[in-house]
Amino acid sequence: MPIDAAKALAADPRLGDIGWDHKDIQLYHLGLGAGRPATDPDELRYTLESKLHVLPSFATVAGAGMAMMGGLAAPGIDINLAHVLHGGQSIELHRPIPVKGRATSTARVAALYDKGKAAVVVLRTEVADADGPLWTSDAQIFVRREGGFGGERGPSVREELPERAPDRVEERHIREDQALLYRLSGDWNPLHADPEFAKTAGFDQPILHGLCSYGMTLKAVVDTALGGDVSRVRAYRTRFAGIVFPGETLRIRMWQEPGRVLVSVTAVERDDAPVLADTVVEHA
């Protein structure tokens, strides 16, 4: 049987040591489009080591890049990776991420949901250093054709947007080479770089990483709604609702509520096609 939920959930967690420094932080920020204009004091916080702060979404690439996908090789899970989609992502920050660090990563299958024709695997990574917990990250992996194993259907989390105009609307252009730069932070999937491979997957050209859109969106929220203070972010979650191509533009709509910002992200050039949905940034 492709999925044995009991076996996967009971498996021992995978432990690993991870490390990063200012170069990893700067490369990640540049992959999100930071540094434009290059001498803007607000942008130097993302690009200059003497002024550096860390965007919390760095947690998705810290240390081992896409190591979370290794969870799909856990005991009890035997699936075709061609059927795998990254359905959603969430991070919870326990304290600000340091510019340089070494930490222990603990990864496990936290939940398995049976959607009938598909399965959802929740891969949880908890990271702590010598001073205690740093962050908890959940990747929701949607696996086509792997449902029907008899598990719970799981929650359906939807965020209703306010019936009013957004408080802020920001647009962020995606450079033609942005996926090539972002992949240097650890996601080497040729879908984001190789035109021939992209065609075999049904796309006219390589698509941008979903986690790049995720990071670009958080940067826009921090820089505008949170006054540029990354330490205010407490948690951030999204559902990947569609694709976006390098060269296109993200339209990021924000609604501010007490303690959180609701966000909708669409692709401008394709009639506001959905990119990120059910997106929430919780903050201090």
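S90 sits in strand β2, where helices (H or I, at least four residues) and strands (E, at least two) are DSSP runs numbered from the N terminus. With a relative accessible area of 18%, S90 is buried; buried here means under 20% relative accessible area, exposed means over 50%, and partly exposed is in between (1.4 Å probe, protein chains only). Leaving out residues up to four places away in sequence, S90 touches T136, S137, D138, Q140, Y214, Y236 and R237, a contact being heavy atoms within 4.5 Å.

A word on the numbers: this is a predicted model, local features need pLDDT of at least 70, side-chain atom pairs count only at pLDDT 80 or more, and totals for chains, interfaces and linings use all residues. Residues are numbered from 1 along each chain as its sequence is written, and side-chain values use heavy atoms, with hydrogens and water left out.

## Aromatic pairs

How many aromatic pairs turn up in a search of the whole structure? The search finds six. Rings of Phe, Tyr and Trp (its six-membered ring) pair if their centres lie within 6.5 Å; planes under 30 degrees apart count as stacked, over 60 as edge-to-face and the rest as tilted. One of the pairs is W20 with W135, which is tilted, at 5.8 Å centre to centre and 50° between the planes. W20 belongs to strand β1 (residues 14–20) and W135 to strand β5 (residues 132–144), so this pair ties together parts that are 115 residues apart in sequence. W20 is buried at 4% relative accessibility, and W135 is buried at 2%.

## A cluster and a charge over a ring

W20 and W135 also belong to one aromatic cluster with Y28, F58 and Y182. Elsewhere, K219 puts its charged end over the ring of Y46, 4.6 Å from the ring centre. To count, NZ of Lys or CZ of Arg has to be within 6 Å of the ring centre and within 35 degrees of the ring normal.

Which residues of helix α2 (residues 22–31) are buried? They are I25, Q26, Y28, H29 and G31. The buried residues of α2 pack against β1, α3, α4 (178–182) and α6. Just after α2 comes G33, with a positive phi of about 95°.

I79 is in the loop between α3 (41–47) and β2. I79 is buried, with a relative accessible area of 15%.

## Lining of the second largest pocket

Strands β2 (84–93), β3 (101–114), β4 (118–129), β5 and β7 each supply at least two residues of the lining of the second largest pocket.
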